[in-house]
Amino acid sequence: MNQTVRTSPDGSEERLSAAYDTALLDLDGVVYAGGEAIEHAVESLGAARDGGMRLAYVTNNAARTPQTVASHLTRLGVATEAADVITSAQAVARLIADQVPAGSRVLVIGAEGLEVALRERGLEPVFSADDDPAAVAQGYGGPGMTWERLQEASYAVARGVPWFASNTDLTIPSARGISPGNGAAVEVVRIATGAEPRVAGKPLPPMHRETVLRTGAARPLVVGDRLDTDIEGAYVGGVDSLLVLTGVTSAGELLGAAPRHRPTYVALDLRGLLEPQPIVSAEGDGFVCGGWAASVRGGKFVLEGDGASVDGLRALCGAAWSVAGDQVCEVDSGGVLGRWGWGR
């Protein structure tokens with residue numbers, strides 16, 4: 001797979017579910033939020049699968065087992081097997097197993113998904129820093145994560161035990177809003193010890209490695225809602241990506257994205273899998289997509305035309321990323337995005 005830096009969004013004459021053999025889908029903010037399906041997700045995934053696209057669910061959430069995730073998706077209406085789910089718990093378990101002897105004890109700071117993944121790699125989960133662990137594995141523990149668990153991690157790490165984290169997402173979407181993610185808990189241990197963990201989850205290579213090993217995808221498309229995990233993970237892996245605007249990323253953040261955070265495609269939601277993607281082309285002093293033309297004049301975006309709002313956003317991405325080059329775009333975007341309620 002060849003890695004390319006994309007300085008303008010790309011198009012696809014084919015619907016994405018036909019152009020790529022496997023969708024590597026994030027879950028929180030893409031398929032569901034707070035456990036409930038996001039609008040259009042179930043129908044879109046079913047249609048993509050029926051059209052021959054393989055669906056694999058790649059999540060940085062290490063709390064639940066693949067079987068639990070698969071059962072949840074099936075209840076929502078998306079028929080899923082445990083083998084279709086790849087978690088950061090599996091990625092960090094493989095990373096630890098490559099570093100410590102078989103059968104080693106590992107201090108678990110997390111939930112069932114992390115315990116199960118460690119056992120699958122022949123490692124023994126323990127729950128106290130006094131159990132002589134060979135490593136510390138920290139993953140998202142959900143609302144049940146206690147201060148006592150973070151203390152145990154800090155005690156072990158301070159003694160020099162190697163520290164591994166499933167992921168460092170600072171936030172996670174929920175039905176009630178944005179809540180702290182595993183990265184927030186990792187920060188607690190980092191502050192207490194001054195140490196740095198080895199991280200397995202998106203966007204880092206161990207997660208990409210785990211995904212490729214388990215899916216065997218030949219033409220994968222990463223589908224996510226986060227620039228700093230999903231989209232950067234695709235960049236690091238050298239594969240194409242689709243950003244959906246159903247999760248944590250705002251349109252303003254997308255326009256300001258650095259090169260490694262720029263998706264190949266942009267869609268409002270998972271219906272984007274079932275559609276071709278219009279070309280975003282340079283024209284005159286700006287970029288054109290659908291019925292829209294976007295440019296930068298006097299340090300501000302100018303958007304003219306009519307049509308689907310997402311085409312206007314795609315044109316704006318072309319203009320913003322062209323102006324920014326290899327840097328972050330700092331053009332004021334509030335006014336032009338406010339017309340669709342997309343501004344901050």
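Val186 is buried, with a relative accessible area of 1%, where buried denotes under 20% relative accessible area, exposed over 50% and partly exposed in between, computed with a 1.4 Å probe on protein chains only. The residue belongs to helix 7; helices are DSSP runs of H or I with at least four residues, strands are runs of E with at least two, and both are numbered from the N terminus. Leaving aside residues up to four places away in sequence, Val186 touches Gln138, Trp163, Ala165, Asn167, Thr168 and Pro197, a contact being heavy atoms within 4.5 Å. Between the C-alpha atoms of Val186 and Gly142, which are 44 residues apart along the chain, the separation is 13 Å.

The model is a predicted one, in which local features need pLDDT of at least 70 and side-chain atom pairs count only at pLDDT 80 or more, while totals for chains, interfaces and linings use all residues. Residues are numbered from 1 along each chain as its sequence is written, and side-chain values use heavy atoms, with hydrogens and water left out.

A pocket is an open set of points on a 1 Å grid over the protein atoms alone, where a 1.4 Å probe fits, with protein on both sides within 12 Å along at least five of seven lines; lining residues have an atom within 4 Å of a point. Grid points are joined across faces, edges and corners, and the volume is the space filled by probe spheres set on the points. Helix 7 (182-193) and helix 6 (147-158) each supply at least two lining residues, and helix 7 gives the most, with three.

The largest pocket has a volume of about 320 Å³. Among its 16 lining residues, Asp28, Asn61, Tyr140, Ile172 and Pro173 lie nearest the centre. Strand 10 (residues 171-174) gives the most to this lining, with three residues.

For the protein chain as a whole, the secondary structure comes to twelve helices and 19 strands. The radius of gyration is 21 Å, close to the 20 Å that the globule rule gives for 344 residues, so the chain is as compact as a globular protein of that length; the radius is taken over C-alpha atoms, and the rule is 2.2 Å times the number of residues to the power 0.38. Of the 344 residues, 55% count as buried.
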